[in-house]
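Let me put the sequence and structure up before I write anything down.

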Amino acid sequence: MDRSTYSRSRRMAPFVAVAAAAALTLAGCSSSSGGKKSTEDSSGASAGKASTPRMTVALVTHQAPGDTFWDIVRKGAQAAADKDNIKLIYSADPNAGNQSNLVQNAIDQKVDGIAVTLAKPDALKDVIGKAKTANIPVVGLNSGLSDWKKLGLLEFFGQDETVAGQALGNKLNSIGAKKAVCVIQEQGNIGLTQRCDGVKKTFTGTVETLNVNGTDMPSVKSTITAKLTQDKAIDYVVTLGAPFALTAVQSVSDAGSKAKIATFDLNKDLTTAISKGTIQFAVDQQPYLQGYLAVDSLWLYKNNGNYSGGGEQPVLTGPAFVDKTNVAAVAKYAANGTR
Amino acid sequence: MSMTQHAEPAVTSPPAPGPKETDGRTSERPLALRLLARPEIGVFLGAAAVYVFFLIAAPPVRDGASMANILYSSSTIGIMALPVALLMIGGEFDLSAGVAVITSALTASMLSYQLTMNVWVGVIVALLVSLGIGFLNGWMVVKTGLPSFLVTLGSFLILQGVNLAVTKLVTGNVATDDISNMDGFDQAKKIFATSFDIGGVNVKITIFYWLVFAAIATWVLLRTKYGNWIFAVGGNKDSARAVGVPVAFTKISLFMLVGFGAWFVGMHQLFTFNTVQSGEGVGQELIYISAAVIGGCLLTGGAGSAIGPVFGAFMFGMVQQGIVYAGWNPDWFKAFLGVMLLGAVLINLWVQRTATRR
Amino acid sequence: MASNESGTHGAILEDSVPRDADAPIVQLRNAGKAYGNVRALHGVDLAVRPGQVTCVLGDNGAGKSTLIKIISGLHQHTEGEFLVDGGAVHLTTPRQALDRGIATVYQDLAVVPLMPVWRNFFLGSEMTKGPWPFRRLDIERMKKTADEELRNMGIVLDNLDQPIGTLSGGQRQCVAIARAVYFGARVLILDEPTAALGVKQSGVVLKYVAAARERGLGVIFITHNPHHAYMVGDHFSVLRLGTMELSAERSEITLEELTNHMAGGTELAALKHELSQVRGVDVDELPDEKALKAPVAASPEGTV
């Protein structure tokens, strides 16, 4: 009816006016600095595509959701997959039992190759045996340096977190640190625990661990501040993830401490902090490389029967140290989210 | 049909009562015991006991800067514990409260960055999104009649997944980009994430917000019509509806208040740390609920206060940081946390029982 | 709010409502309610006049709950007419019923057990003072008023802050009735107020029903106890299987007839016949079929 549409449009008028005003305001509210417009296109490296037949590779890790390190592993794996005409199926679960189910899932999907991390080798032993029976080649990456051969994996890329930790411990020795605190953001996470254990093995000074609630950043900040206040002898804060290092910078300032900060893993903001000197150095295990090599190796094996290390030796991807002297070279790639 | 023809009914109205008589069976308990029986006092004493314990066991706690740190740690829990407590008094749970904080921060950050907007635009859109999520939660609970535990469990999982997936989709990473050099950032930081120097101690602004919000929440709960509705809707929803209390409005608005809290804490987090990790927030909802329950809010609804959760949140922050200040073995951290909280709650219970028995 | 009765028994009492205002405040004409394919109520005629107590009796499952829910605004009728002050209405919320002066005291009392007495008294109609946005509860006035109103009804409480759940069942009922009367109810619906009470407490509640009547309210008194009903009722309606089986003024029916009707007269007669076959059971005292007659409503019983 005419009258109802007329009255309806009159009722809609104020809403339309508000929406229009909001749109205009939004259009005028752009930022004059920062933001996406000011950053270059950061799509990462890309190359052509192989003409070999399409294959499927499953990458099964023990990543906890939202973890930065594994995100980079995945990016490296995807880059290799894109180049080699591979369909990459990524799945992860920090619980070892669930991780082995995911591997079984891949076997059921009849993939052409499987790449796994051996955080808990015993839990994956059976399912890897099943993969071999099904004639699916399995390679290892990141964790399992001392177990991959026993379990019958073809090759191994990367090094254990323990090795990375040991390297950091040695570096601390070389710069004369006396007391370090190792900040674990998820108590019970194997990779994180291995890193701190590695540091303890080689560091000649004292290392204390500090458990923080990684799902609540303000709480992380408060707890590190509390530790630095409680123990004034600490001269190095070692964090196990880039975001936590940046938070530690705030804690050090809050606590009025003179401690320096070192960390594992990189991210965009971390390289800036290293070049500014607020963070001393970072251990770069080159997760991108670990993921890339793991996937690419399966392509090589399928198409040419090659396997690195000849079944005897692992392929180490690091650890590399990034500090003020070489951060500039790495910064661009960290900005891409691939280092 | 008039009244005059029927047999006289056996019952007529009661006689008017005499001058101010009393029932006479209840004698006044002494003021001290009456105070002790209030749930807020019990949790206050529990919190005081915890504080005194750490004053003795952990020397660094005696320092003013340490107290500021503990209060800061309590305030980020406390600000969320307030609307969660009000919602619990109103008879519902919100399990998505933890990840909702991160959703809010992610929205503000990604919107501002991707569209290169003034950061305030992101802040306002994040507010609308958070209120919208609260509205959806409340509307679903009211419309379906399902337990809010179930409904918000669903929204918790959805938000957790969306946080991770959308961040990855939009930024290509698991964390957002740095927005600290964008327009409006410094202003917003002054409002949400700044700190003051008081007597040489650096005090974060969230502590003040926490206490102000607590005062407002207490006033609303005890001194307004809406507060009466909250108690009624949580105590007996059907009775409330029968006497004309707008049950749907009350419940939905309570969920939206939780959304507002999530926005506020999310903004604080964004402007303190610049970047937001998309996987955070999981597990925080249990801490908020614990602070509310320790503070005397009944799990079944209908009773509680806004002051109690203030002490509940303080207890949490005190224990969490106190363990570190005391230098105890960090492997036992979670176990210590649990033991201390249980201890505080038991003290609370004992005080209440003693006070009401005498 | 002071009552104007003289407190004497048997004398003609001055009503606050003029005698010729006999028009029913609430009226149901052939009303009914169906839930999907279930007809819970049908063909119900009811008139509630000021200063009269209309008793609605019936066993469990007869449809009494559905009937009150329609009048109190919790449900909507699907057949027939529902008239308030002569005009047809469709109430969608209890608030609408309350605004028209229809107050209900439910079996589960519509109180919130953990809340103090004074908060319960004013729930949904709280007194406030002060300008917006600082409008706050006028706690002083509410406590004073609640105390006064309760005393007017004869309830004396030491502490109005005590949770209403700590009061006895009878006291809670009386608080609920006092609340309804205070808030200007013109029609008071009492849903089985004496069902869970002992003899003495039931007596107290019945006294307040009479007090409400004397204040000029129209009272709908739902019960399955004919003795209680006969003590205060002016009009009796018996519901059975969703329809009205009996509708009579006080002058047309005796207590015995009412009781027998309610007790399911025909079934009892059949039972008596069977019992007489069993040795040792004295059936002489039980009523026989002739005694079980009573005026029946005009509309035939339908099937549910």
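My notes on cores, chain contacts and domains follow.

**Ground rules.** I'm working with a predicted model, where local features need pLDDT of at least 70, side-chain atom pairs count only at pLDDT 80 or more, and totals for chains, interfaces and linings use all residues. Residues are numbered from 1 along each chain as its sequence is written, while chains are lettered from A and ligands numbered from 1 in the order in which they are written.

**Cores.** I looked for nonpolar cores (buried Ala, Val, Leu, Ile, Met, Phe, Trp, Tyr and Cys joined through C-beta atoms within 7 Å; buried is 20 or more other C-beta atoms within 10 Å). The largest has 192 residues, and B:Val84, B:Leu86, B:Met315 and C:Val209 touch the most other members. Helix H3 of chain B (residues 64-89) gives this core its largest share, 15 residues. I also found a second, separate core of 49 residues, B:Phe273 and A:Val207 among them.

**B:Val84.** Leaving out residues up to four places away in sequence, I get B:Val84 touching B:Asp94, B:Ala97, B:Val258, B:Tyr288, B:Ile289 and B:Ala292. Contact here is C-beta atoms, placed from the backbone, within 7 Å.

**Chain B against chain A.** I have 45 residues from chain B and 36 residues from chain A in this contact. H3(B) turns up again, with the largest share of chain B's side, 6 residues.

**Domains of chain A.** The domain assignment gives me domain 1 (55-159 + 287-318) and domain 2 (161-284). Their C-alpha centres lie 29 Å apart. Where they touch, domain 1 puts in 10 residues and domain 2 puts in 13 residues.

Terms used. A residue is buried if 20 or more other C-beta atoms lie within 10 Å of its own, exposed if 12 or fewer, and partly exposed in between; C-beta atoms are placed from the backbone. Helices (H or I, at least four residues) and strands (E, at least two) are DSSP runs, numbered from the N terminus. Two residues are in contact if their C-beta atoms, placed from the backbone, lie within 7 Å. Domain bounds come from an automatic or database domain assignment.
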